[in-house]
Amino acid sequence: MNFLRNQLDKVKHNFEKGQKWEKYYYAYEALDTFMFAPNTTNDVKGSQIRDAIDLKRLMMTVIIAMVPCLLFGIWNVGHQHFLAIGQAGATLGDKLWVGALQVVPIIIISYGVGLGIEFVFSSLRKHPVNEGFLVTGMLIPLVMPPDIPLWQVAVATAFAVIIGKEAFGGTGMNVVNIALTARAFLYFAYPTDISGGVWTYLGDAQPVAGYSGATPLSLAGDAATTGQNVVESFNSFGAGWNEGVFTFSNLFMGLRPGSIGETSTLMCLIGAFILIATGAGSWKIIVSVFGGAYAMGLFLNLVGGNAFVEMPAYYHLVIGGLAFGAVFMATDPVTASQTETGKWVYGLLIGMFTVLIRVFNPAYPEGIMLAILLMNVFAPLIDYFVVSANKKRRLQRATV
Amino acid sequence: MGKFIKLKKGFTINLAGKAAPKVVEPEQPETFVIKPSDFHGIYLPKVVVKEGDSVKAGTALFHDKKHENILFTAPVSGEIVEIKRGEKRKLLEIKILADKKVEFETFPKFSISDIGNLPAQEIKNQILKSGIWPSIVQRPYGVVADPMATPKAIHISAFDTHPLAPDYSILFKGQDQAFQVGVDVLKKLTSGTVHVNTHSSSELSTVFSQVKGANVNKFSGQHPAGCVGVQIHHIDPINKGDVVWTISPLGVIQIGKLFLQGIYDASRIVAVTGSEVKNPQYYKTFTGASVKKFLDKNLNNDHVRVISGNPLTGTSIGKDGHIGFFDQQVSVLPEGDYYEFVGWITPGARKLSFHRSIGLFSFLSPNKERVVDTNTHGEPRAFVQSGVFEQVTPMDILPTHLLKSILAEDIDEMEALGIYEVIEEDLALCEFVDVSKHKVQEILREGLDLVQNS
């Protein structure tokens, strides 16, 4: 490794202040610190020792938590593809190959566009390249439909990074979750491209007879008007070409069409386990989102009204992207509530709003995305009350 | 009656190189140094000695221009060999070449029964004159106490939870009487109580357990349970306008001896610790001692950092530096100026971390003593609110919000969020665990200065 270090040291001085490539110092710094943990030591005064963690390792931990969703997602894209074209007998290798061909380009585009913008801004603004995008760059592909045109991925990523983040001052300053901004951008800018059959990659092949691109959320939404029992319509869906695709166990496992990484509640729970065990994600938020959604579902069951409202509450936890959103989106430390008490409130409200939006606003079936974006905006308000309470305790103590 | 307080949050940094319970009396160092930078809240030090003067233990070296009665005195007798100044003639240190045998300035002596009748002003004058006064630290701000003030309480932390911290039952063994007299004297200076805060699990030295006339409180829990700011927060928190004094047991004992024997006895036991020390143990010496003699032929290797104090809040002083006024510990750690190939992801059971992120396994064996160097293990980044600051701050204080208000220079907000209750050491663990490598202690001091001078 000495050779590599020597090469870096050889060019390093060119990036320092007053040298010819001074402008690109932070681009160089990003590369250098990626290759080698720096040789900087602590100051003469203050803490002389530091924890072995750094931001890169923390972010890497989050990425590793997403790997189960990613791998399952790649396989599932292939699996759903072969089911839809009537070749249920395709091998594991075939499925992974088809899935990887669809998913990997999306990942490359997401990282390429996002990091490119990040480097440009870090050089312009003279701030370090932040490792936060390593996570965002992986989240974006996981919330994309498998059949998304690559140019849309690029546009959405660029929009999210520039308008969602850099316009607010860069990493750590953004108000709303960047990956969700990308997804919401597509949702509102290209509504026709992100609905209907987009959830399954068909390619040039023709779907089998009886094929339908409906999702559990749209089925449930239809049930609200037709009055058909939601669970029955789930269980009967897919007859002839993908028997039992929407049974509860299938929904839990994630063997259904949907965005690349969000279909499997099980894989999200594995990710949640990694996040909680490593302390990288807040267990309070994860638990309270699930809890809030379930509680709201139960409450609606009691109230009753239409077939969607009466859908058993636990179905809410496995359809749509609730699990993925709860585990990976709501826990984003920048946009979530920053106080420990606030995290409970924040999570609960996300869960409750998700179900409310799903049930009462059929125009936007993906409730979790809107609920998280909404609560991102309200998180500072929640924190304001929690911090005020802290201040008030101090003030009351003084006057006693 | 003392309180019993259980603290759940915190993190004890378990380092290799704890001092063996053995006190040696070595050949004394040649030079001793008093540094104004050890004290906060001095406006301008005015030197009253010249190079070449001879001084006794207790002879004034300098005083604060604003508070002329707060004297900083020589810990040992000898000759002033150097008055070191920096830029703009700022006083850096006064160096004394010590005599073989310490001679003392004499102050009035009192019998134990007399002390009970001394008026507060006379007590203050004597402590001020002797040069022991600066060991009384005033909260808020952690500054040298104002002699005009009457604190609502005086707190003495009788244990240290910092990494490699010395054992107080060794440091203050046999000083029961001096400590008791010191407490009696201090009681006269406060309108409230003197609190002696002890740890519940360690075997309590009789110095602290037998003390009369003070509230003996018990604490349990990890670091920073030993930080006096954390203790005050749970016993009798500081509100706006309050004045509270803190003093180490060493200062109390020195005050006791001052009144009993009429001398400024600056002798102290210092723990020389750290993974790079061959024989970590205790040494008997005086305030401001040079570390040279203690480290000579006592280091495992040459590439080390010598710290006056503990590794969390100390100051790097170099191999022939001098121990700070408030420190009873020297820590020697490996210097960490090396590159580590993809060090941000390489796993290691040897890497010490509060976190449990991928590749960091130290949480599995918290009782294992680890060698930690001075590398930053990463580069400065923007704040990430991962909630760890809160996990190592056992107080009803929101560290992140407080730090952000300091960065924004919002004084009202700092006050409301409790800046009066903390000084550097209370939040030092935040600096250690921070993924974004902020200089938390430096930021906090900037905030304290800002509030104090506003």
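**Figure 1. Antiparallel pairing of strand E1 of chain A with strand E21 of chain B in the predicted model.** Strand E1(A) and strand E21(B), the latter comprising residues 340–341, are joined in the antiparallel sense by two bridges. Phe36(A) has Phe341(B) of E21(B) as its bridge partner.

**Figure 2. The contact between chain A and chain B.** Chain A contributes 50 residues to this contact, and chain B contributes 64 residues. On the side of chain A that touches chain B, the elements giving two or more residues are helix H2 (25–35), strand E1 (36–37), helix H3 (55–84), helix H11 (265–278) and helix H16 (367–399). The residues on this side of chain A comprise 19 nonpolar, 18 polar and 13 charged.

**Figure 3. The fold of chain A.** Chain A contains 16 helices and one strand. The C-alpha trace of chain A extends over about 70 × 70 × 35 Å along its principal axes. Of the 400 residues in chain A, 52% are buried. When contacts in chain A between residues at least 6 apart in sequence are considered, 71% of them join residues at least 24 apart.

**Figure 4. Packing of helix H4 against helix H7 in chain B.** Two packed helices are described by the angle between their axes and the distance between the axes. Helix H4(B), residues 176–187, packs with helix H7(B), residues 249–261, at an angle of about 90°, and their axes are 7 Å apart. H4(B) is therefore roughly perpendicular to H7(B). The residues of H4(B) that meet H7(B) are Ala178(B), Phe179(B), Gln180(B), Val181(B), Gly182(B), Val183(B), Val185(B) and Leu186(B). From H7(B), the residues in this contact are Pro249(B), Val252(B), Ile253(B), Ile255(B), Gly256(B), Lys257(B), Phe259(B) and Leu260(B). The contact of H4(B) with H7(B) consists of 12 nonpolar residues, three polar residues and one charged residue.

Figure 5. Thr273(B) is classed as buried because 28 other C-beta atoms lie within 10 Å, and a residue is counted as buried at 20 or more. With neighbours within four places in sequence left aside, Thr273(B) is in contact with Gly17(B), Lys18(B), Ala19(B), Leu164(B), Pro280(B), Gln329(B), Val330(B) and Ser331(B). Ala165(B) is 108 residues from Thr273(B) in sequence, and their C-alpha atoms are 8.4 Å apart in space.

Conventions: Residues are numbered from 1 along each chain as its sequence is written. Chains are lettered from A and ligands numbered from 1 in the order in which they are written. This is a predicted model: local features need pLDDT of at least 70, side-chain atom pairs count only at pLDDT 80 or more; totals for chains, interfaces and linings use all residues. Two residues are in contact if their C-beta atoms, placed from the backbone, lie within 7 Å. Helices (H or I, at least four residues) and strands (E, at least two) are DSSP runs, numbered from the N terminus. Ala, Val, Leu, Ile, Met, Phe, Trp, Tyr, Cys and Pro count as nonpolar, Asp, Glu, Lys and Arg as charged, and the others, Gly among them, as polar. Two strands pair if DSSP finds at least two bridges between them. Axes are lines fitted to C-alpha atoms, for helices over the stretch in contact, and angles run from 0 to 180 degrees between N-to-C directions. Angles under 35 degrees count as roughly parallel, over 145 as roughly antiparallel, 65 to 115 as roughly perpendicular and the rest as oblique. A residue is buried if 20 or more other C-beta atoms lie within 10 Å of its own, exposed if 12 or fewer, and partly exposed in between; C-beta atoms are placed from the backbone.
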